[in-house]
Amino acid sequence: MRHGGRYGNSLNAAKLGQRFDPLILRAETLVEVGANGSPNNNALINPTGEPWEIHEIKFGVRRETNLTYARATGAALDVSLSWCGQKVTDGFVPVWNCGAAQAVEEFRPLPATSRLVTGEYWRAQDSFYSWKLDHPLYVPPKTALAVQFRNNGLVNIPLRASVALLGRVMPRSAKPTKVKVPYVSCFKSNFYDYLLAGAPQVSPENVLFNVFNVPLTIERFIGRVAARVQTDEAGGSALVYVDQIARLAFRGSLFSAKHRMTDGNIVARDWVKFGNIYGWRNFKWNVRHVLDPEVGHIVEIRKNAPPNSPTATTLNSNIVDATAQTHVSMVGWREENVP
Amino acid sequence: MNHDAPITLDASVIMDRGNGGLDVDLAAMQTTSRDWLKITELRVFIDPGQSQSNSSEQIDFGFMVDVSISVGNEDLTTGFIGTPSHPTGERIAYIPAFLLGPRIYQRFSTINNSNAQFAADTHAYAVQNSYAWTLQRALYVPPNTPIKFKVRRSSTIALLDDATLYPNPFTVEVGAVGTRLAVKPRLSSRSMPHLHAWSPRNDDSTRIESGEAFRNLHKQSLRLTRLTGATATNLGASINGISIDVRQDNELTPDPTLIQIYDANNQDVIVPLPPVPLSASNPNAPVPISSLFLAKTNSVRISDSLQQNQTYRMIVSPVAAAPASNLLRLPMIALESFREVPL
């Protein structure tokens, strides 16, 4: 990465002999169901006392219990971020809606010794997500990117939430006048029932919207589907888990979307399969464009009835219900003055 | 409109068996404004629904659905497809959707009692396929010009699109993704992508040359950028209780297909590594298809050019005898190119 240009003439790394040491800061916290929790934000301040810039933000979601069926994915954990008092996220957004999907996000580790003996270990699942920033985020000395998590209750278990900031230390003389600050806002639809067609739902105008008084450059949309399947297995007690295959079922054939802008521009005129707009493989659609202030996007989501089947479409006897909701986020950046 | 804005043009058709060619909704494939479009990707999505008899997880429906794409007077696709009456290929505007680009499987489980259940690991999968042609150079589309898609279900090849296994309609959704431009682009020329497919039928032990070499009929030189290829295989019979699959089988052992490709100078463009033993039946050392194309993408990037009236041609040789009487092997290879058209 070429360094120095965005810092004007204040930074000439070659003359200073500066090494730009890499830096990774990490913090975690336990978040109960329905509660908010902040990691130790002091752990996210550069300990060298110098400014630094963040290139990538990673989130981790880990189950804190040994419930057999519950899977911890980025759908269950929301995050709120702010930089020097400025919004990086529009309130809470799901951690899996910040960056494009990677090849492997969900792992099936064997954290509990009992699982080595009793089986069922394959259902255990932790998740990790990466958000590679489109532009480095300068962080002044003694300042932290403020992080707060929320366990939104999609899975009924406490979650161990972690954040890792990856970047490099900058010289003290480095102080840009303007910084490209990332921004994510997300629309979550209602939950739709697997067996029923669902009425179209339109995102509110003020969600996927440029709330700033400067132009907002949108780099991509990210569209994910959170599926929730509730079973009465494990001794008859109803448990909830998020099933990847169910997610594909909803995503593949059951959800369609329309997309337009508040200034009248049509993005997707007719109902289109959700994945055909927001990407099949890594759930992203790169759409670099500029949103003027007070302009935004509007997404309309529809749930189709399950297609005809050779037999009657009914839930399996051990499934209480199967539902899913869509998460469509808008990821971009705008320029802010450094305080 | 003050700024460029994203756009996706999409339309869907329902294809019964034997549909010989359906236009998609042209109105859906153009903008109603007077803006230029900058298209970066063309795609085809095939949803067989849940009503087919075969719910195996490795089906490539892109072998059963052909697509023809054109913009204005320009055909972006041409091909020679083997049929029983024209085993070495008849010239048509269609190419198998599989050859558009790397395909993505979309597996989904049914949730009813007979087919699948969520609770245990006993899902039965149905498959949807998505194929995307990511253009090497963006395609600029003038105002009021539709991107025409025609699709057909190639049920003339009965062994691929088996009437027993796939008795019901497919839903095919086509799309073009890009940017609506706020101002008319300043271009001295316009890049025009093209995809040409060869698919000589290859279900016996004969050595088949492509029915007609691919010839550059334009004044401008063609920049050749990618080869995509696979052998569509109907495994021919129920194996271990699993229904018949139609899928790409570049990795069958032994390789199902040997190929040679000759460039404008009539030179073999593939240098076999390791060398394939020469023999009387194999005089020019064709290479196994799996050694040419990457397994994940079924494609390989090339950098070559074709001047006006120069040709590319392909020779296919089968390797192994068919293990089942009704086995079908259908090699499919596509050549991606573009040319710059002066405005």
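**Confidence, cores and salt bridges in a predicted model**

Trainee: For residues 111-123 of chain A, under what value does pLDDT stay, and how many contacts beyond four places in sequence does the model have there?

Mentor: In this predicted model, pLDDT is the predictor's confidence in each residue, from 0 to 100, and a contact means heavy atoms within 4.5 Å. For residues 111-123 of chain A the model has 20 contacts beyond four places in sequence, while pLDDT stays under 50.

Trainee: Which conventions apply to the numbering and to the values?

Mentor: Residues are numbered from 1 along each chain as its sequence is written, and chains are lettered from A and ligands numbered from 1 in the order in which they are written. Local features need pLDDT of at least 70, side-chain atom pairs count only at pLDDT 80 or more, and totals for chains, interfaces and linings use all residues, while side-chain values use heavy atoms, with hydrogens and water left out.

Trainee: Which residues touch the most other members of the largest nonpolar core?

Mentor: A nonpolar core is a set of buried Ala, Val, Leu, Ile, Met, Phe, Trp, Tyr and Cys residues joined through side-chain atoms within 4.5 Å. The largest has 51 residues, and strand β10 (residues 125-141) of chain B gives the most to it, with six residues. Leaving aside neighbours within four places in sequence, I147(B) has contacts that include L9(B), M29(B), I39(B) and L42(B). The residues that touch the most other members are L42(B), I147(B), F149(B) and V172(B).

Trainee: Which residue in β19(B) stands opposite I259(B)?

Mentor: Strand β18 (residues 257-262) of chain B has six of its six residues buried, with T257(B), I259(B) and I261(B) pointing one way and L258(B), Q260(B) and Y262(B) the other. Two strands pair if DSSP finds at least two bridges between them, and two bridges join β18(B) to the antiparallel strand β19 (residues 287-288) of chain B. The residue opposite I259(B) is V287(B).

Trainee: How far apart are the closest N and O atoms of D78(A) and K188(A)?

Mentor: A salt bridge is a side-chain nitrogen of Lys or Arg within 4 Å of a carboxyl oxygen of Asp or Glu. D78(A) is buried, with a relative accessible area of 0%, whereas K188(A) is partly exposed at 27%. In the salt bridge between D78(A) and K188(A), the closest N and O atoms are 3.3 Å apart.

Trainee: How many residues apart are D10(B) and R43(B)?

Mentor: D10(B) and R43(B) form a salt bridge, with their closest N and O atoms 2.8 Å apart. The pair links strand β1 (residues 5-15) of chain B, which holds D10(B), to strand β3 (residues 37-47) of chain B, which holds R43(B), across a separation of 33 residues.

Methods: Buried means under 20% relative accessible area, exposed over 50%, partly exposed in between (1.4 Å probe, protein chains only). Helices (H or I, at least four residues) and strands (E, at least two) are DSSP runs, numbered from the N terminus.
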